[in-house]
Amino acid sequence: MKDSERNFHLIVWGATGFTGKLVVEYLLARYGVNQDLCWAVAGRSSSKLEALKVELGDAARELPVLIADSHNRPSLDAMVSQARAVISTVGPYAVYGSELVAACVEEGTHYCDLAGEVQWMRKMIDQHEAAARNSGARIVHACGFDSIPSDVGVYYLQQEAMRRFGKPCSNVKMRVRAIKGGASGGTVASMLNAMQEGQADRGVARILVHPYSLNPEDARGGPDQRDQTGPVHDKNLNAWTAPFVMAAINTKVVRRSNAMMQFAYGHDFSYQEAMYTGPGIAGYLKAMQLTLGLGGVLLAGSVSVLRSAMANYLLPKPGEGPEKKKREEGFYKLIFLGETDQGQSITVEVRGDRDPGYGSTSKIIGEAGVCLALDELPVEGGFWTPASAMGDAL
């Protein structure tokens, strides 16, 4: 269908979930209803969607509601055919997201999500890349805190490097300088599902750890090795660093961006992420503490009995997440350090207010969806990254 024949610019799928509700709240406050942005909310429960509108107050009274089911393809086809773009907040995506992606690809509807499930992203690219190119659907995964701050942060740094030095930085590293926030049950469920798939299938496990597993098939090599797994001293900052849990997703997305932009950062481009823990012995001890904590979670997640125990008794369940006060008190500051092959350097800082995974993510994916729905973008249909599809607009 032509864009002019569609009823809506944008649909928020999974609007009654923990993160979906935050996205709806953001779009409602930012764009209102039936103004410059014509949008709707969607899910499988009419009563829950109507209850959400009541909870949001008079401003949401005219907000359109659509009904569909993640595992009912005809209902998804009917839904996505009505919009230019869809935001999906329903995870784990490997469990609930595949049919929606297929529907968007077939209908030529643009799509973005919060997926951090590398194995599922790889599967969707392999299955639907050719069809998305033919239909014109722009499919963009990882449009939350993972991985837009990293992806667009590097994109911006490289733009500045080109402006100042006439060449991109061949080496970029991101350090999480400060962060405060909690995790929702949906995020936990996605991580546990990825662990389970990796344990059951060695092919999936290889995708999860390979540094270039999201790159096109002919571009899955480069200077980077696996992500940091222990304390490392950063000579540029003269401080210690620890593994960053989201690096396993972010680094692969940034490397795919480079490949999708015809290696605009160079064929020898290297990118890594880590947590800044500080100088001296105190910094080293904090890095060791974070390493052991992350290692313990990963170890427990690799054992089915312990993984079930964590899911049932220790971790938040789907639909649960940080309370409003904690979300509003959250923040993050990321430092990007870039260096050209001739030793020229540049530093970029990316800051976000509110809890990174929820308060900030709801704004990030909301604007990504609006980008796909309304903006003139430089790419046609296919599977893209945030930077390669929407860098300047974002």
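The second largest pocket is lined by 16 residues, and nearest its centre lie Leu 22, Glu 25, Lys 324, Arg 327 and Arg 354. Helix 1 (18–31), helix 13 (324–329) and helix 14 (356–374) are the elements that give two or more residues to this lining. The model is predicted: local features need pLDDT of at least 70 and side-chain atom pairs count only at pLDDT 80 or more, while totals for chains, interfaces and linings use all residues. Numbering runs from 1 along each chain as its sequence is written, and side-chain values use heavy atoms, with hydrogens and water left out.

A pocket here is an open set of points on a 1 Å grid over the protein atoms alone, where a 1.4 Å probe fits, with protein on both sides within 12 Å along at least five of seven lines; lining residues have an atom within 4 Å of a point. The second largest pocket holds about 420 Å³ of space, the volume being that filled by probe spheres set on the points. Helix 1 gives the most to its lining, with eight residues. By class, the lining has five nonpolar, four polar and seven charged residues.

Strand 4 (residues 83–88) is largely enclosed by the rest of the structure, because five of its six residues are buried (under 20% relative accessible area, 1.4 Å probe, protein chains only).

Terms used
Helices (H or I, at least four residues) and strands (E, at least two) are DSSP runs, numbered from the N terminus. Ala, Val, Leu, Ile, Met, Phe, Trp, Tyr, Cys and Pro count as nonpolar, Asp, Glu, Lys and Arg as charged, and the others, Gly among them, as polar. Buried means under 20% relative accessible area, exposed over 50%, partly exposed in between (1.4 Å probe, protein chains only).
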